[in-house]
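Here is a friendly tour of one model, arranged so that you can follow along on screen. Have the sequence and the 3D view open side by side.

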Amino acid sequence: MEGINKATAEIIAEMEQRLALNPEGTRRIGNFGFIELEETWGDEATIINTARISSTNQRLRSRNDFSERDTDLLYQLLRDAHGTPFETVYFRYRFIAPIFVLRQWVKHRISSWNEFSMRYRKPISVAYIPDLEARCVDGFPVLDDQALGEYEALMKQLFAWYETQYQAACQRIDGAREEGALPAKSGGRDPYRGRARELLRNAMPVAAYSDVYWTVNFRSLMNFFQLRRKADAQYEIRQYADAAFALFAARLPLLAQTMQRVLDESGRSPA
């Protein structure tokens, strides 16, 4: 990929490695996007055991121990909005998405969020490029090919400007150190270069990609799926939500089927 920086090259290599190591748990999205369901804690049996804690000492070891009665109880709990047992199952996703998608995603606040920091690293020097479906409404292209070409050129110009200005700032800092105007660099983060990165990141577009770890319980994840998989959800976040759902459903199929049944019956299904 032309014109990428070191941080971006490292992320490309890691994405390729994760796609090879975990092909069933990863997806590519758009021109640079990525999502992986890295870890899950608990399963359908965890939910049932939690719900029964006050009434019995009998415990299910795993989903494989389910009887028809257990399956019915799982459905009834979710249908009747007994929410807390569903907060005992957790998921950790890692996703690489445009910043404007992150700004929508982070509104789902009942979760843990750790994001790539442009204070400590250079930005990911790739911008989201809308495909034809993203550019069309009812088949009408609201951005034509000429506009798309200018969009791509502007994104490249911004990334090139960052690199030029950051190199110039580093040269000024190094020159001042050689002259004795600034103290020599000690261990750890260089505050002068760090401040340059902090200022220059202000020029990065919301089309730039960022990198996030997202840890969320099932109750909050269900709300995310319900809202962001709807037909009227913004195209880009819907792509990520659909991919996240597919990865979740492959890991915990009974819970996914139960959730879909409840949403269908309540008229809240995004499909």
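**The largest cavity and its surroundings**

Ile-29, Gly-30, Pro-98, Tyr-128, Tyr-209, Glu-236, Gln-239 and Tyr-240 line the largest cavity. The model is a predicted one: local features need pLDDT of at least 70, side-chain atom pairs count only at pLDDT 80 or more, and totals for chains, interfaces and linings use all residues. Residues are numbered from 1 along each chain as its sequence is written, and side-chain values use heavy atoms, with hydrogens and water left out.

- On a 1 Å grid over the protein atoms alone, a cavity is a set of points where a 1.4 Å probe fits but cannot get out, while a pocket is an open set with protein on both sides within 12 Å along at least five of seven lines; lining residues have an atom within 4 Å of a point.
- The largest cavity holds about 30 Å³ of space, where a volume is the space filled by probe spheres set on grid points joined across faces, edges and corners.
- Helix α9 gives the most to the lining of this cavity, with 3 residues; helices (H or I, at least four residues) and strands (E, at least two) are DSSP runs numbered from the N terminus.
- The cavity lining divides into 5 nonpolar, 2 polar and 1 charged, counting Ala, Val, Leu, Ile, Met, Phe, Trp, Tyr, Cys and Pro as nonpolar, Asp, Glu, Lys and Arg as charged, and the others, Gly among them, as polar.
- About 230 Å³ of space lies in the second largest pocket, and its lining residues include Glu-10, Tyr-120, Lys-122, Cys-170 and Arg-197.
- That pocket's lining divides into 4 nonpolar, 2 polar and 6 charged residues, with α1, α6 (145-178) and α7 (191-200) each supplying at least two.

**The sheet**

- An open sheet is formed by 5 strands in the order β1-β2-β3-β7-β4, with antiparallel pairing; two strands pair if DSSP finds at least two bridges between them.
- β1 (26-29) and β4 (112-115) stand at the edges with a single partner strand each, so one side of each is left without a neighbour in the sheet.
- On average, neighbouring strands of this sheet are turned by 20° against each other, direction ignored.
- β1 and β2 pair in the antiparallel sense over 4 bridges, and Ile-29 has Gly-33 in β2 as its bridge partner.
- Gly-30 takes a positive phi near 65° in the hairpin of β1 and β2, which has 3 residues between the strands.

**Helix packing**

- Helix α1 (residues 6-21) lies across β1, β2 (33-41), β3 (90-98) and β7, at about 135° to β1; axes are lines fitted to C-alpha atoms, for helices over the stretch in contact, and angles run from 0 to 180 degrees between N-to-C directions.
- Helix α8 (residues 218-228) lies across β3 and β7, running at about 125° to β7.
- Helices α9 (residues 235-251) and α10 (residues 253-266) pack at about 125°, with their axes 5 Å apart.
- In their contact (heavy atoms within 4.5 Å), the α9 residues include Phe-245 and Phe-248, and the α10 residues include Leu-255 and Met-259.
- The residues of this contact divide into 8 nonpolar, 1 polar and 1 charged.
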